[in-house]
Amino acid sequence: MTANAKNGFLHQKQAWQNQKLIQPLQVLVWNLMPTKENTEEQFLSLLNDLDQDVELTFLYACSHHFKTIPKDAVADCYACWHQIEDQNFDGLILTGAPVEQLPFEDVDYWQEFLTIKDWAKDHVSQTINACWSAQAALYQDFGIKKRRLPAKLFGIYEAKQPAQETTTEKSGLTAGLSNFKTPQSRYSESVIDVEDLPADLQVLLTNDQAGPLLLHSAERKQTYLTGHSEYQTKTLDAEYRRDLAKHLAIHEPANYYPEDYYDRGEEIENTWTASSRQLYQNWLNLIVNKEKNYDRQEITL
C-alpha cells in the first residue's frame with residue numbers, strides 16, 4: 001500500500017510523491033531527530049511497504065532550541081502540538097533523539113514530551129516510543145530510570161524471545177519476528193529487571209548484549225522499541241563516519257559491516273528491514289483490529 005506525507009520537508013520540496021488514498025490510517029510522527037529529512041524518508045519508506053494506507057503528519061518540538069537547522073524552517077513545514085491538539089490519530093510515533101546522556105528533566109522539551117504523552121491518552125489509539133523516547137516513556141509511565149553505558153551500544157542486534165509466557169496481544173506484536181533484528185545507537189539504557197517488571201509491562205523481545213529490545217503495555221496502549229528499526233542500509237555507516245570525523249571514542253557497529261568492507265568495497269547487507277516492516281505491520285494491525293472491535297461493540301449497543 002502507500003504512505004503519504006501531509007507535511008514535512010520532503011512534502012514541501014515535493015521530494016516524496018503522494019498518491020490518492022482511501023481512508024488511510026492517520027499517524028502522527030514527533031520527529032526529534034536532528035536529521036529531519038532523513039528521518040522523514042526512513043519512516044515514509046518503511047510504512048510505504050505495509051498492508052494499510054497511511055498518512056503521516058510530522059510534528060516538531062516547539063520548545064526546543066535548534067542548533068543544526070533554523071527553527072523557522074522547521075516551523076514552516078512541520079506542525080506544532082497546539083495546532084493538532086483537537087485532532088485524533090490512529091497512531092503516534094515518538095522518535096529517538098541524541099539526548100540520552102542528559103537527565104530527562106534537563107532536556108529542553110521534556111515538559112512538552114509529558115504534555116504530548118498525556119494528550120495521547122485520549123487522542124491516539126496506539127503509540128510507538130523509539131530509542132530515547134522509549135527510555136523517556138518507560139521513565140514517565142513506570143518510573144524506570146536509565147543509566148549510562150560504559151561504551152556506545154552500536155550495531156545490529158538479534159532478539160530472542162523471553163522464556164515467560166505473555167498475553168495474546170504479545171503474539172500479535174511479535175508475529176513473524178522469530179529472527180527480529182534491529183539497529184541500536186545509544187549511550188544509555190533503561191534499568192529493567194525482567195524478573196520484577198511493573199504490572200502491565202511485558203518484555204516481548206530481548207538480546208543478551210543489548211537488553212530488552214521490545215516492550216509493551218496493553219493498558220497504556222504503548223509499545224517501547226529501544227532501537228532504530230527505521231534506519232536504512234547506510235545510516236549506521238554515516239553515524240560511524242561522523243563520529244570518527246569528530247574524533248569520538250567509537251567502535252565499528254557490531255554485526256553490520258561485511259568482512260573487508262573498507263578494503264574491498266563490499267556492500268552492506270541489510271539484515272533488519274524485513275523485521276522492521278513486520279513489526280510496524282503488526283503495530284498497524286493492533287490499531288486496525290482494535291478499531292474493528294470497537295465498531296462491533298457500537299453495533300451491538
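Predicted model: local features only at pLDDT ≥ 70, side-chain atom pairs only at ≥ 80, totals over all residues.

**Labels and what backs them**

Visitor: What makes β4 and β5 a pair of strands?

Guide: Strands here are DSSP runs of E with at least two residues, and helices are runs of H or I with at least four, each numbered from the N terminus. Two strands pair if DSSP finds at least two bridges between them. β4 (residues 89-94) and β5 (residues 124-130) have 5 bridges and run parallel, so they pass that rule.

Visitor: And which strands sit in the open sheet?

Guide: There are 8, in the order β1-β3-β2-β4-β5-β10-β9-β8, with mixed pairing. β1 (3-5) and β8 (202-207) each have a single partner strand, which is why they stand at the edges, with one side left without a neighbour in the sheet.

Visitor: How do β6 and β7 pair?

Guide: β6 (residues 146-158) and β7 run in the antiparallel sense, with 9 bridges between them. Take Arg148: its partner in β7 is Ser188.

Visitor: Why is β7 called largely enclosed?

Guide: Buried means under 20% relative accessible area, exposed means over 50%, and partly exposed is in between (1.4 Å probe, protein chains only). In β7 (residues 181-190), 9 of the 10 residues are buried, so the rest of the structure largely encloses that strand.

Visitor: What makes Cys62 and Cys80 a disulfide?

Guide: The rule asks for a pair of cysteine sulfur atoms within 2.5 Å. The sulfurs of Cys62 and Cys80 are 1.5 Å apart, so the pair counts. The S-S torsion is about 125 degrees, so we call the disulfide right-handed. Cys62 lies in the loop between β3 and α3 (71-77), and Cys80 in the loop between α3 and α4 (81-84), 18 residues apart. Both cysteines are buried, and the whole count comes to 1 disulfide.

Visitor: On to the rings: why is the pair of Tyr60 and Phe66 called what it is, stacked, tilted or edge-to-face?

Guide: Rings of Phe, Tyr and Trp (its six-membered ring) pair if their centres lie within 6.5 Å; planes under 30 degrees apart are stacked, over 60 edge-to-face, and the rest tilted. Tyr60 and Phe66 have centres 6.3 Å apart and planes at 45 degrees, so they're tilted. Phe89 and Trp119 also come in at 6.3 Å, but at 65 degrees, and that pair is edge-to-face. Phe89 is in strand β4 and Trp119 in helix α5 (residues 110-123). The structure holds 21 aromatic pairs.

Visitor: Last one: what makes Lys146 sit over the ring of Phe104?

Guide: NZ of Lys or CZ of Arg must be within 6 Å of the ring centre and within 35 degrees of the ring normal. The charged end of Lys146 is 5.0 Å from the centre of the Phe104 ring. Arg220 does likewise over Phe142, at 4.7 Å.

Definitions and conventions. Residues numbered from 1 in each chain as written. Heavy atoms only, no water.
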